[in-house]
Amino acid sequence: MSVSSGSDIDTDSDPGWSEYYQDSVFSHDRTASTSSGGDDSLLLQRLLQMAEKIETLERRMSRQSSGNKDLFSQMAEKIELLEGRLTVIEDTTANSSDDKSTSANSKEDKNLMKVPEDSYSFVHLCGPLKDPAGFLFGMAVFILQLVLLLTLVLTIVVPDLDTNGALADGSLSSIWPADVEPMVRLAQLVAAVTYALFADESMSDLLTGVMVIPTTMKHAQKGDRIGGLLLSSILRVIQGLAAAVATFFLVFTSTNARDVVLNFAAVNFVSRIDDAAFISAQRGYYLNSNLKQIAVEKIPSRGLPAHIVGKKYPWAQKLTVISTAAAMMVGAFSVINQQVSSQFLDTGYFRLVYSGISTGIEKYNGCYRPGDIGHHVDRFLGSRLVYRRKSLSGDSNNMKGAKFGYCKEERRWNLFVADHDDACEVGESSLLAHSSETTDFEIRNTIGDTWFSAQGTPLDLQLITDGVGVSEEGCDAAIGDGRCDEILNIAAYGWDEGDCCAATCVGTECGIKAMQTAFDNVLMHPGNGYPSCKNPEMVSITIVLNEYIPKYSDAFSGFQFQGPPFLTFDCDGINHLMITLPRDGAFVNRAETVKVKDGAFCKLGVRTEISLSYVDYTLYTGVTDRKILSGIANGATIGFHQFQLLRECYAENLSFYTDADSLFSQKPTFQRKVLDLLQSSSLSEYSYSSCNNPYFIERYALAVVLLTAQGDSGSANNAVEIKLREYMEQSQCSWPVVICDGGNVIQIDISFEKTSKVFGVTFNGTLAKEIVLFPELKVLIGEGNELGGAIPSEIGQLTDMQEIYLEGNNFSGAIPTELGNLSLLKSLHIDRNNISGAIPSELGNLSMLGLLFLDQNKLEGAIPSELGNLSALQYMVINENNFDGTIPSELGKLSKLNALLLGNSFSAATTNLDNTIPSELGNLSQLERLWLYSNNLYGTIPAQLGNLSRLTMITLANNNLNGK
């Protein structure tokens with residue numbers, strides 16, 4: 001506001017100018033604030049004079065030192081306050097001169113003169129930069145109110161957010177109660193009318209927000225703060241609308257009159273928070289004193305601009321009330337209409353699928369549709385049944401007449417069979433099942449809820465409302481009738497309740513004449529089978545006819561076919577495929593895939609009725625992935641092959657350790673026997689032989705090691721296999737030949753002493769390479785048996801191995817060089833075998849080896865000098881072999897050696913004059929026994945041997961030595 005300069009005040013020469021300012025300006029302020037009902041023109045004139053003086057003071061103070069800045073700031077606030085009052089007076093004077101007839105509305109106009117006394121006015125008058133504390137205070141109250149109101153609404157619209165956080169499925173109709181008592185409905189309508197006609201706090205905020213919205217920015221004057229006013233108006237409108245929506249949902253989702261009143265009051269309480277926050281600020285409850293000053297001085301005395309909705313469009317208030325009331329009443333009657341009318345049902349057809357144990361409910365599987373509900377007026381008054389369902393006509397195996405109805409008293413859906421339609425008047429004999437407690441009047445919203453039998457037992461019952469299975473076409477098909485219906489052959493219907501697969505189909509019509517084609521040819525006569533089996537729990541077996549030669553007989557005059565061959569395939573005693581083979585050999589080199597249960601016992605049969613027919617076939621897992629078996633049917637015979645299919649999880653777990661082809665092969669190998677034993681004992685996923693058992697691999701390996709060690713793989717009932725059948729019911733750690741630590745095998749004892757007691761036999765087989773499947777094995781004992789073959793090199797991978805006892809067997813072949821990897825090995829006993837070849841130099845890496853027994857074998861070649869690196873060695877027993885070369889002088893470094901037995905270790909044909917006794921042996925200070933007899937040694941006996949002070953036995957006979 002700009003005014004002309006009046007008489008100046010010499011503040012430079014008057015040290016009391018600030019007192020003059022306080023007296024003159026504040027006295028005018030008090031006069032202006034107390035003038036009411038006086039002459040408006042006189043008041044305006046006085047305000048103008050006061051403004052001139054303030055402008056003069058402002059101009060003079062701008063030249064003063066910084067010491068007057070606080071007083072200058074106070075004066076600036078007073079200027080802004082007085083300008084706002086001047087605007088109010090100008091607007092009042094203008095309105096009064098325009099139309100004196102508006103005095104009847106003076107009270108309403110006076111309300112529109114002032115800024116509303118609520119927290120939103122802080123947003124209006126306090127900018128985010130000028131006064132951030134006041135602005136944030138107003139915004140915080142708005143956010144608090146909005147969050148509370150949205151929380152109230154969301155917990156109703158999305159009920160699961162009020163429990164476990166999951167989003168609920170279903171339509172918006174699921175939030176309304178299925179029906180309410182007449183008194184409750186009356187309370188709901190009264191609450192809606194009260195809200196519309198008698199504006200409560202939420203409606204007042206909405207009206208205030210609408211009425212103070214600025215209509216233009218053009219005529220804004222200094223201090224109007226139009227932007228802040230617009231923002232505060234928008235916030236009031238948002239909060240008012242949110243409160244209106246919350247009121248509607250809370251009132252019309254209540255199921256008793258008490259809740260109606262309480263919910264109505266709850267929304268009103270939230271809507272009053274902005275008023276309560278303003279009062280708290282006035283009383284100084286907050287730490288920021290500036291908030292109190294704004295609430296006490298600034299807001300009550302601040303006027304509103306002239307150009308706002310309430311001043312320019314007075315009818316906007318009535319329009320807002322009428323619109324809100326109309327929306328509230330329309331919503332109210334819409335909810336009531338949905339509750340009493342069947343025209344608003346989302347659920348049309350739906351299908352009942354019961355797949356649990358037989359209780360009689362399965363007879364009522366099938367489609368259901370909405371039935372007649374009765375007169376709407378009855379339901380409006382809350383008389384009885386909300387909905388019921390009538391069963392569609394299905395196949396002859398499904399019973400008709402069952403109904404779904406909602407019982408309001410029990411707040412649940414009932415499945416019942418009765419002559420009437422009232423779901424609440426159902427006895428226990430007529431009640432088949434009921435839902436959990438619910439207020440949903442859409443039955444689709446009970447999907448996922450638990451259903452119970454009449455006795456309260458949870459049921460495996462589903463209601464399916466979507467998909468082709470609940471279309472008119474789909475409802476003509478029935479599940480579980482023994483006939484595969486493609487429209488129901490999906491996971492949602494349990495693959496037609498198992499009708500499409502041999503292993504799951506139950507009924508006399510299962511698979512009958514379902515095969516129209518086989519082996520890529522159209523059959524002359526339909527066969528039995530399950531061509532549409534899609535259940536992913538089934539596995540594939542592929543039958544390939546490699547060669548097929550149909551012949552005909554000339555036993556009678558002319559040529560005449562006799563009984564063409566037919567093929568049959570059964571698993572677990574259930575026929576999976578039965579077809580007649582054509583006479584023209586069209587199936588040659590063709591394949592047919594059959595779906596069977598994982599791990600099934602199967603039998604393939606080919607019957608030829610004429611003597612010259614010939615069929616050669618092969619079976620594979622999957623689509624020719626792994627060969628299972630092959631066979632031939634020739635002549636007037638029935639050729640059968642029986643086998644057990646390896647479970648897929650077994651194959652997956654073992655494929656990393658053994659050849660996959662051998663796993664699937666039906667040849668009578670030890671591995672195959674063990675797999676059959678494991679599968680026959682794995683009756684549940686929690687059994688010891690289950691492939692889910694963390695120690696399954698070790699269980700498999702131990703059984704293979706035992707069977708392989710006994711030998712005779714062709715024997716049908718050997719001693720070990722008989723014992724293993726008993727052991728299958730126990731943990732492998734309880735088997736008498738092992739010791740475990742934490743579930744892992746750390747010791748295996750298949751010595752003669754142990755096996756003769758446990759199995760009553762001597763093991764004459766081999767040591768299986770599956771020994772490598774014991775990663776924590778520390779001790780391997782196998783002495784005194786007749787084990788043969790080579791020592792498996794896989795032992796070298798058992799890095800925890802500490803002791804190996806394989807003496808006194810028939811092992812042959814070379815010592816595996818991989819034994820040099822066993823850095824923790826302390827004892828190695830493979831004496832008294834038929835081991836040949838040279839001692840691997842890699843044994844010199846065994847720094848912890850204390851005992852080395854290689855005697856009485858057929859070892860050849862030179863004794864490796866690397867044995868001198870065995871710093872922990874105490875016993876080296878390698879006599880009775882066929883070495884050549886010389887005794888390594890490096891053996892003299894074995895400072896802990898107690899016995900060196902090399903007697904008769906060199907071949908009789910050795911005539912090496914350099915084969916002498918190394919003088920370095922005199923360094924073996926711990927040596928007690930030295931055997932060097934029968935080695936064709938030459939030269940003199942080293943004098944250094946005299947240093948062996950602990951030596952108790954030395955044999956040097958049968959050599960070519962001299963000296964003493």
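## The chain as a whole

Take the contacts in the protein chain (heavy atoms within 4.5 Å) between residues at least 6 apart in sequence: 63% of them join residues at least 24 apart. This is a predicted model, so local features need pLDDT of at least 70 and side-chain atom pairs count only at pLDDT 80 or more, while totals for chains, interfaces and linings use all residues. Residues are numbered from 1 along each chain as its sequence is written, and side-chain values use heavy atoms, with hydrogens and water left out.

The protein chain has 22 helices and 35 strands; these are DSSP runs numbered from the N terminus, with helices being H or I of at least four residues and strands being E of at least two. Of its 964 residues, 47% are buried. Here, buried means under 20% relative accessible area, exposed means over 50%, and partly exposed is in between (1.4 Å probe, protein chains only). The chain exposes about 44700 Å², and carbon and sulfur atoms supply 52% of that. Areas like this come from the Shrake-Rupley method with a 1.4 Å probe; for residues, only the protein chains shown count as cover.

## Inside: the nonpolar cores

A nonpolar core is a set of buried Ala, Val, Leu, Ile, Met, Phe, Trp, Tyr and Cys residues joined through side-chain atoms within 4.5 Å. The largest one has 86 residues, and Leu706, Ile748 and Met876 touch the most other members. Elements giving two or more residues to this core include helix H19 (670–681), helix H20 (696–710) and strand S21 (744–749). H20 gives the most, with 11 residues.

What does methionine 876 touch, leaving aside its neighbours within four places in sequence? Its contacts include Leu852, Leu867, Leu891 and Ala899. There's also a second, separate core of 47 residues, with Val153, Ala191, Phe248 and Ile273 among them.

Helix H12 (residues 289–298) has Leu291, Ile294 and Ala295 as its buried residues. Seen down the axis of H12, they fall within an arc of 90 degrees, so they line one face of the helix. That arc is taken from the directions from the helix axis to the C-beta atoms. An α-helix has 3.6 residues a turn, so residues three or four places apart point the same way.

Now look at methionine 183, which sits in helix H7 (residues 182–197) and is exposed, at 58% relative accessible area. Together with Leu186 and Val190, Met183 forms a nonpolar surface patch with about 300 Å² of accessible area. Patches are made of residues with over 30% relative accessible area and no salt bridge, where like charges are joined within 9 Å and nonpolar side chains (Val, Leu, Ile, Met, Phe, Trp, Tyr) within 5 Å.

## Salt bridges

The structure holds 8 salt bridges, each a side-chain nitrogen of Lys or Arg within 4 Å of a carboxyl oxygen of Asp or Glu. In one, glutamate 721 meets arginine 725 at 2.9 Å, N to O. These two are 4 residues apart in helix H21, which means about one helical turn separates them. Glutamate 721 is buried at 5%, whereas arginine 725 is partly exposed at 47%. Lys673 joins Glu721 and Arg725 in a network of salt bridges.

Another bridge pairs glutamate 486 with lysine 534 (3.3 Å, N to O). This pair links distant parts of the chain, 48 residues apart, with both partners in loops. Glutamate 486 is partly exposed at 41%, and lysine 534 is partly exposed at 45%.
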